[in-house]
Amino acid sequence: MTELNQQTTYDDNNIFAKMLDGDIPYHKVYEDDKTFAFMDIMPQAEGHVLVIPKQKAVDLADLEPEYAAAVLMTSKKVMQAQRQVFEREGVIQMQLNGSQAGQTVFHYHVHLIPSSIHELGRHAVTQADSNDLANIAQKLAAVIDA
Ligand code: 5GP
């Protein structure tokens with residue numbers, strides 16, 4: 001059997017947990033009592049947003065139903081904002097479970113990427129310009145709040 005380098009227990013020091021604790025900076029797009037949405041720092045396309053639950057879930061296996069529903073509803077809001085701001089229909093919703101699937105941050109998260117399956121590349125190796133991310137986050141947030 002293949003040996004898996006699989007993280008199954010939640011690490012309170014993962015980067016998204018630190019974000020939820022306010023310990024590291026982020027560009028917020030949306031927040032409610034169960035979810036948080038922010039700009040991906042190494043976007044696979046312009047406008048790449050991550051949606052996370054305010055629950056300590058490593059991946060889909062331990063996501064509680066009420067948080068699963070909340071993440072989906074927030075994802076809808078973000079996708080609608082992306083469609084409006086970027087004037088495009090195509091938005092990829094992606095979510096990786098386990099390092100074997102490519103998951104690198106072990107706090108459950110949904111990617112919402114304005115792109116098409118034919119254009120989607122790997123995520124950037126360098127961080128995006130912080131001012132650009134702040135600008136996009138502001139545009140998306142304004143549309144969601146409207
Ligand atoms: P995964 O590969 O686990 O599905 O996705 C993790 C995502 O988190 C990647 O797209 C990566 O660019 C993003 N990411 C990693 N570190 C940070 C960070 O410190 N801040 C933000 N905003 N995104 C991050």
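Throughout these legends, buried means under 20% relative accessible area, exposed means over 50%, and partly exposed lies in between (1.4 Å probe, protein chains only). This is a predicted model, in which local features need pLDDT of at least 70 and side-chain atom pairs count only at pLDDT 80 or more, while totals for chains, interfaces and linings use all residues. Residues are numbered from 1 along each chain as its sequence is written, and side-chain values use heavy atoms, with hydrogens and water left out.

**View 1. Gly98 in its loop.** Let's start with Gly98, found in the loop between strand E4 (92-94) and E5. Helices (H or I, at least four residues) and strands (E, at least two) are DSSP runs, numbered from the N terminus. Gly98 counts as buried because its relative accessibility is 3%. Tyr26 is 72 residues from Gly98 in sequence, and their C-alpha atoms are 24 Å apart in space.

**View 2. Helix H2 from end to end.** Helix H2 covers residues 65-86, 22 residues in total, and reaches 31 Å from its first C-alpha to its last. That is close to the 32 Å expected at 1.5 Å a residue, where the expected span is 1.5 Å times one less than the number of residues. Which residues of H2 are buried? They are Tyr67, Ala70, Val71, Thr74, Ser75, Val78, Ala81 and Gln82. These residues lie on the same side of H2 because they cover an arc of only 140° around the axis, the arc being that of the directions from the helix axis to the C-beta atoms. An α-helix has 3.6 residues a turn, so residues three or four places apart point the same way. On the face of H2 turned away from the buried side, look for the exposed residues Pro65 and Gln84.

View 3. The buried residues of H2 pack against strands E1 (28-31), E2 (35-39), E3 (49-53) and E5 (110-113), and against helix H3 (130-145). Thr74, in helix H2, is buried, with a relative accessible area of 1%. Leaving aside neighbours within four places in sequence, Thr74 is in contact (heavy atoms within 4.5 Å) with Tyr30, Asp32, Thr35, Ala37 and Val51.

View 4. H2 is followed by Glu87, which sits in the loop between H2 and E4. Most residues other than glycine have a negative phi. Is Glu87 buried or exposed? At 74% relative accessibility, Glu87 counts as exposed.

**View 5. The largest pocket.** A pocket here is an open set of points on a 1 Å grid over the protein atoms alone, with protein on both sides within 12 Å along at least five of seven lines; lining residues have an atom within 4 Å of a point. The largest pocket has a volume of about 680 Å³. Among its 28 lining residues, the closest to the centre are Phe16, Asp40, Ile41, Met42 and Leu50. Helix H1 (15-20), E2 and H3 are the elements that give two or more residues to the lining, and H1 gives the most, with three.

**View 6. Ala124 and its contacts.** Ala124 belongs to the loop between E5 and H3. At 26% relative accessibility, Ala124 counts as partly exposed. Not counting residues up to four places away in sequence, Ala124 touches Met42 and Pro43. Val49 is 75 residues from Ala124 in sequence and 14 Å away in space, C-alpha to C-alpha.

Conventions
On a 1 Å grid over the protein atoms alone, a cavity is a set of points where a 1.4 Å probe fits but cannot get out, and a pocket is an open set with protein on both sides within 12 Å along at least five of seven lines; lining residues have an atom within 4 Å of a point. Grid points are joined across faces, edges and corners, and a volume is the space filled by probe spheres set on the points.
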